[in-house]
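Hi,

Here is the structure I promised to pass on. Have a look, and my notes follow below.

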Amino acid sequence: MVALPENGRHRIIEVIAHPLTQRLPAPTQTSWGRYDAVSILLVEVRTDTGLVGVGESLARFAPVAYAELVEAALAPRLLGQDPLAIGANWARMRRALSGRAGGMLIEAIAGVDIALWDIAGKAANLPIWRLLHGEARPEVPVYAASVNWGGDDEAVAETVARFAERGFGRMKIKIGTPVRAACARIALVRKLAGDDVELTADANWAYVLDDAATVGRALADNGYTWFEEPLRPEDEDGYRMLRARCPVPLAAGESNYTADQAAPLVRDRTLSCLQPNVTRAGGISETLRMARLAAQHDVAYAPHVGMSGIICEAASLHLAAALPNARVMECPVSANRFKSELADLAPGAARAANGNLAVPQEPGLGLSIDWDAVASMEFLARKDVA
Ligand SMILES: [Mg+2]
């Protein structure tokens, strides 16, 4: 526990950004493209009472630009402020952008916001999920992500077998174009996985409406649970039309920055499942607003993690532990140094038992960062930024 100063308030004295890049040990292939390297931004917030919070921003490319946003546009608005006044601090940061909320600034805010929640938990000596006063689940169901798009049948069989060996009873596959190849892949994975495995498919916006309807029928024929991001996220009318034509529930949300952006397809229940990424969607504060909006409309919440790092995974776990409509969380299984090397919390895929991840019990996010590992990656990011 950290003693409060005499006036009863902590004050923010430093906000530090750490841009990180890694070469992926094995490339990730989606309909969007092939990823050989990936970046994130870590954010460190320090107080005059010795508390340190850490957060993460989704920063796939140009992480140094995100670091500049945090240190030049956000930090000056926070220095001297009370870190526990998270709502006020979020509003202060939001005013760094006079236009609609979105893009890199909201992703940068996400990193700071998560660090402030980490501080709030440490100040209260409670894990973040306890601060959220929700369901208090001891573990969260997860699904293995993902079977790559492309590759041959042998590679697909190897991945499905690896997921099954690790005890995952839920798996996601990536699909794309051509449509016939996607339909063949959908049937192949069902055959390989067997009827008892819960399968979902993610198109990463690969389709136009008619093609998405065709793929949707193949997913229904093979008993898939949801069809993720079939269309580009701006095509809200397309999603509504597809909902009427597609027998499989639709999932999306990782491309949204705010609850306002998620609202139209949640309110009319075009989406059955909302998948915000906490390191994109304004941090824990805004992701909470999105997930609660979804709960009001009986839409499930399923945190997106993707190629993010260990803090994204931990923050998502705290949210899923607390929110009543949390259904299942993404658990990427491919090698990722942002998970295996950065923190003392072992990577989720290694900890997942019987398809569940245990929720951290320590104060704040429940992890401590290995700053030596961070230093080595920061050097790579500055020398070799994508
Ligand atoms: Mg996705």
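The chain splits into domain 1 (12-125 + 370-383) and domain 2 (130-358), with bounds from an automatic or database domain assignment. Their centres, taken over C-alpha atoms, are 23 Å apart.

Before you dig in: this is a predicted model, with local features needing pLDDT of at least 70, side-chain atom pairs counting only at pLDDT 80 or more, and totals for chains, interfaces and linings using all residues. Residues are numbered from 1 along each chain as its sequence is written, and side-chain values use heavy atoms, leaving out hydrogens and water.

On the interface, domain 1 and domain 2 bury about 3,200 Å² between them, 66% of it on carbon and sulfur atoms (accessible area lost on being put together, 1.4 Å probe, summed over both parts). Ser-31, Glu-56 and Trp-117 supply 18% of what domain 1 buries there, more than any other three residues. The rule finds one salt bridge across the interface (side-chain nitrogen of Lys or Arg within 4 Å of a carboxyl oxygen of Asp or Glu).

Then there's the metal. The magnesium ion is coordinated by Asp-202 (OD), Glu-228 (OE) and Glu-254 (OE) at 2.1 to 2.2 Å. Donors here are N, O and S atoms within 2.8 Å of the metal (3.2 Å for Na, K and Ca); water is not among the atoms, so the site may look incomplete. In sequence, the donor residues run D-x25-E-x25-E. Both Glu-228 and Glu-254 are buried (under 20% relative accessible area, 1.4 Å probe, protein chains only).

Cheers

Note on methods. Buried means under 20% relative accessible area, exposed over 50%, partly exposed in between (1.4 Å probe, protein chains only). Buried area is the accessible area (1.4 Å probe) that two parts lose on being put together, summed over both.
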